Amino acid sequence: MESFSLTHFNGAGCPNNEDLPILPITGNLGASPGSSWTSYASGYTKTNESATPGYYRNRLDKYGVDAELSATKRTGALKLTYPASTTARVLINASRSATGDRDGNVTITGNRVWGEHTAGGFCGGKTFKMYYSILFDRTPTGFGTFKAGTVTAGSSTTSGTGTGAYVTFDTTSNAVVTATVGISFVSVANAQNNATAEAAPFATVRADAKAAWNSALNRVQVTGGSGTDLQKFYTALYHVLQNPNLASDTNGEYRGFDNAVHTASHPVYQNYSGWDIYRSWAALVALIAPDVMTDIVRSMVLDGQQGGLLPKWSHQTVEDFVMPGDPGPIIVASAYAFGVRDFDTAAALALMKKSGSGGATQGVVLRGNQAVYQANHFIPGNPSETLEYAASDFAIARFAAAQGDTAGHDTYAARSQYWRSLFNGESSYLHTRDGGGAWSANLNPAQESPYVEGNAAQYTWMVPHNLGALVTLMGGPATAVRRLDHHFTELNGGLSRPYFYIGNEPEHNVPWTYHAARKPAGASDAVRRVMAESFTTGAGGLPGNDDLGATSAWYVWSALGLYPVTPGADTLAAHGALFPSVLIRRGPGDITITGGSAADRYVQSLAVDGAATSHSYLRYGDIADGGTVAFTMGGSPSGWGTGASDVPPSFAAGATQPPAEPDLGANLALGRPVTGSAACAASEAAGRAVDGAIAGNSKWCSATAPRQLQVDLGAARTVSSFVVEHAGLGGENTTWNTGAFTIATSTDGATFTPAVTVSASRNSRTYTPIAARSARYVRFEATQPAGDASAAARIYELEVYGSSSAPADLALNRPAAADSACGANEGPAKAFNGSWLGGWADKWCSQGSARWVQADLGSKQRVGSVVIRHAGAGGELPAWNTRDFDVQTSDDGSAWTTRAQVRGNTADSTTTAVGVDARYVRVAVLTPTSDGSGAARIYEVLVTA
């Protein structure tokens with residue numbers, strides 16, 4: 001044990017604080033504490049250690065000293081019980097902290113030791129001054145100072161690096177020495193005033209601290225449940241409430257972000273780990289302690305007014321700019337969404353907009369990549385920052401709308417959808433792009449670089465404000481569920497595994513993506529597993545850094561059965577509480593949560609204030625004035641929350657939602673008999689390709705020609721589409737995605753008819769509809785097993801479907817022609833293959849002078865309407881949507897009649913009524929884009945009767 005200190009963060013990721021170290025010792029001084037501080041450290045016996053909220057006790061075995069610590073709002077209280085000695089001493093280090101030795105000074109006057117200390121340096125950041133005043137219960141019998149390697153007995157003052165003081169007491173007749181340590185970030189005088197105002201007998205301080213913590217923890221009262229669950233819950237809640245920290249003195253003075261002294265009539269808080277706490281901590285504190293969160297938000301606005309912007313990752317009055325993004329607006333918007341309203345909302349919105357337009361704080365531009373973000377709709381080589389900017393822009397949009405600023409809402413809502421510029425339809429991940437806009441050639445979903453403390457497999461889920469669009473782009477709810485199941489193969493996978501990582505904040509929201517995919521029971525499974533396996537009551541009981549309460553906030557929400565799934569909005573995803581009864585005591589009205597269960601994890605039904613709902617979520621407004629959230633739990637999943645209209649809202653403002661693939665119905669190949677070429681390993685046999693799962697790396701792998709799978713559907717069935725999930729979807733390198741393959745069908749298992757031929761593919765998932773046919777057997781063959789030289793074919797799932805919610809497409813896979821193509825892999829057939837979400841190559845593109853594409857329907861048929869999926873529907877810039885075009889028909893392919901003229905289009909998808917009989921359908925592009933680009937881009941043309 002090296003010292004007791006005055007300042008602390010709860011589980012931050014860099015060395016921090018531990019300012020003004022104090023150490024009780026006995027005996028004469030040897031080497032100077034200024035140069036050999038750790039030589040005075042003492043061992044301790046673990047059974048002598050005791051800790052409860054507001055109190056700590058231990059025995060320093062080396063010296064036989066019992067140390068007890070407690071605190072008030074602005075002071076530390078110290079009670080030291082020494083053995084009988086004339087050399088009972090207290091060492092005070094004015095220079096040392098967790099981040100190094102810096103300038104300090106100290107003066108001893110009677111029973112008071114005071115001075116200033118240089119604090120800060122968090123993660124290499126700037127420093128600031130901290131002032132202190134220590135009041136001992138009696139005048140010491142001796143004192144001295146030290147500086148570097150020199151000890152000077154009788155000296156009462158010193159300054160510089162490696163400096164401090166010691167005081168000596170005679171404990172032969174009175175073994176106990178107590179002290180009150182006041183600190184201030186304004187002045188020594190204020191530190192002294194704080195100590196004087198809040199000093200009390202140690203027993204009183206301890207009792208008051210216990211009462212204060214008990215009152216704080218009693219804001220949430222849970223009953224029932226095991227002792228272990230109660231211990232974990234209240235430990236987590238205790239962690240949540242430790243930061244930020246009170247920074248104003250008893251006279252109301254505080255030092256602002258402009259380094260000037262100000263006065264406030266309310267408590268002023270400082271220390272924000274913004275990147276961590278915006279995800280769920282802010283909403284939690286707003287819900288359970290709205291009075292405290294009000295002062296926190298007021299303080300953040302003051303920080304912005306004085307320093308330039310809302311704080312990002314700040315340490316007292318210093319902005320350290322740690323981690324990517326712009327979290328301040330999200331914290332404030334989340335607090336507002338959860339009922340905190342009594343602050344200067346106009347000032348807050350102005351600060352948000354300033355940040356969102358490239359503003360600076362303390363002389364540094366916070367969003368250093370704002371210009372390129374706005375120009376490209378992504379930040380080259382920096383997918384994490386792109387997603388963080390989009391998350392912040394969403395929060396600004398919501399807050400602006402709440403303040404009646406429609407224009408501000410529209411601007412930032414549009415930017416909040418820029419995340420879609422990163423979704424690569426080929427890899428099916430949020431995938432980094434270079435300065436020219438190109439995707440990297442391949443993707444290893446488990447590789448950290450260039451992501452920040454995560455990887456593509458983890459960051460792909462970080463679109464909490466529009467999970468509906470993400471699920472659609474992935475291929476729909478069923479695909480998303482399989483990917484989520486695979487993702488939760490591991491719960492704390494770290495930075496270089498393609499699995500869930502509860503130990504870091506970007507993944508905290510992911511379990512509730514199951515709600516967006518219409519399987520809330522999946523969230524219940526994932527959450528309960530993490531709570532049980534990753535949070536324990538032993539040493540190291542947290543799965544990672546707590547980051548000023550962020551990780552513990554996740555646990556508290558999880559135990560309550562609700563989670564703020566969309567930072568900046570008021571949505572609470574519901575998954576079922578851990579405890580039978582929860583009471584949240586709050587001024588606006590108490591909230592009761594009933595029906596939770598540790599044994600039964602699946603929600604069977606939900607009622608809010610007595611009204612049953614099938615929705616898998618509620619809104620803060622439902623319980624803002626108090627209310628009851630009643631769960632009925634069960635031991636197996638139910639149908640609750642699985643309807644298309646039951647999912648939490650996705651916020652699509654700012655862009656058109658991507659058109660979804662049709663609902664294909666049941667997978668005819670699921671669990672059916674299958675044979676295949678020799679497997680790479682016994683665990684990778686053919687049956688793994690039709691088991692409906694990719695979790696646990698469930699795949700068929702074969703390096704033996706002809707690398708075939710053959711599925712028996714059991715009887716002749718109508719077959720109309722195929723989905724193949726390749727290596728990338730299972731978290732493997734996308735260069736192992738199948739490069740080329742064929743699918744053929746048969747009614748007798750002997751004679752096969754080609755159905756699909758795919759070449760030059762890099763896709764992690766392929767969807768290939770065909771004209772409906774009858775088949776009992778389906779044969780897949782990997783003619784090019786991978787995109788590189790690998791000889792192994794890796795198929796995670798082969799799916800066969802026989803129905804579709806979409807009307808029959810008369811042009812599907814019909815002979816196609818065009819004036820020209822931009823590239824060999826962007827020919828006219830791509831416009832009639834039934835797919836538009838397969839990446840940028842899944843389109844017809846032309847830079848010719850005529851720019852037309854057409855299909856031969858095979859015979860004269862009724863053409864009722866023509867649906868066109870433009871660039872935006874395929875994931876490219878909406879500005880590249882076809883602006884001016886004609887829809888034409890012909891009976892002979894030579895003479896064309898214009899049936900519709902579309903001008904000034906900006907939509908991602910258009911539907912044009914035709915209503916004639918024709919054999920040929922053509923789209924003639926007049927003006928390809930709205931931004932001057934000369935290339936026509938059409939992802940799909942669907943012709944229906």
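1. Let's start with strand 5 (residues 75–81), which is mostly covered, as five of its seven residues are buried. Buried here means under 20% relative accessible area, exposed means over 50%, and partly exposed lies in between (1.4 Å probe, protein chains only). Strands (E, at least two residues) and helices (H or I, at least four) are DSSP runs, numbered from the N terminus. Please keep in mind that this is a predicted model, where local features need pLDDT of at least 70 and side-chain atom pairs count only at pLDDT 80 or more, while totals for chains, interfaces and linings use all residues. Residues are numbered from 1 along each chain as its sequence is written, and side-chain values use heavy atoms, with hydrogens and water left out.

2. Strand 5 has partners to look at. Strand 4 (residues 65–71) runs antiparallel to strand 5 and is joined to strand 5 by six bridges; two strands count as paired if DSSP finds at least two bridges between them. Three residues lie between strand 4 and strand 5, and the two form a hairpin. If you want a spot to check on screen, Asp66 stands opposite Thr81 in strand 5. Strand 16 (residues 176–184) also runs antiparallel to strand 5, with seven bridges between them. Here Leu80 has Val177 of strand 16 as its bridge partner.

3. Next comes an open sheet of five strands, in the order 1-6-15-12-13, with antiparallel pairing. Strand 1 (22–26) and strand 13 (150–153) are at the edges with a single partner strand each, so one side of each is left without a neighbour in the sheet. From one strand to the next, the twist averages 20°, taken from axes that are lines fitted to C-alpha atoms (for helices over the stretch in contact), with angles from 0 to 180 degrees between N-to-C directions. Within this sheet, strand 12 (residues 142–147) pairs with strand 13 in the antiparallel sense over four bridges. Thr145 has Thr152 in strand 13 as its bridge partner.

4. Strand 31 (residues 581–584) and strand 32 (residues 591–594) run antiparallel and are joined by four bridges, with Leu583 opposite Thr592 in strand 32.

5. On to the nonpolar interior. A nonpolar core is a set of buried Ala, Val, Leu, Ile, Met, Phe, Trp, Tyr and Cys residues joined through side-chain atoms within 4.5 Å. The largest one has 133 residues, and those touching the most other members are Phe233, Met293, Trp554, Trp557, Leu560, Ile593 and Phe631. Helix 11 (residues 383–402) gives the largest share of this core, nine residues. Leaving aside neighbours within four places in sequence, Leu560 is in contact with Val220, Phe233, Leu284, Ala577, Val582, Ile584, Ile593 and Phe631, where contact means heavy atoms within 4.5 Å. There is also a second, separate core of 41 residues, which includes Val65, Tyr82, Tyr132 and Ala179.

6. Now the charged pairs. A salt bridge is a side-chain nitrogen of Lys or Arg within 4 Å of a carboxyl oxygen of Asp or Glu, and the count comes to 35. One of them joins the side chains of Arg919 and Asp856 (2.8 Å, N to O). Arg919 lies in strand 49 (residues 909–927) and Asp856 in strand 46 (residues 852–870), so this pair ties together parts that are 63 residues apart in sequence. Arg919 counts as partly exposed because its relative accessibility is 28%, whereas Asp856, at 14%, counts as buried.

7. Another salt bridge joins the side chains of Arg862 and Asp917 (3.5 Å, N to O). This pair links distant parts of the chain, with Arg862 in strand 46 and Asp917 in strand 49, 55 residues apart. Arg862 is partly exposed at 44% relative accessibility, and Asp917 is partly exposed at 38%.

8. The side chains of Asp884 and Arg883 meet in a salt bridge (3.0 Å, N to O); Asp884 counts as buried at 8% relative accessibility, while Arg883 is partly exposed at 34%. Elsewhere, Glu684, Lys699, Glu732 and Arg794 are linked in a network of salt bridges.
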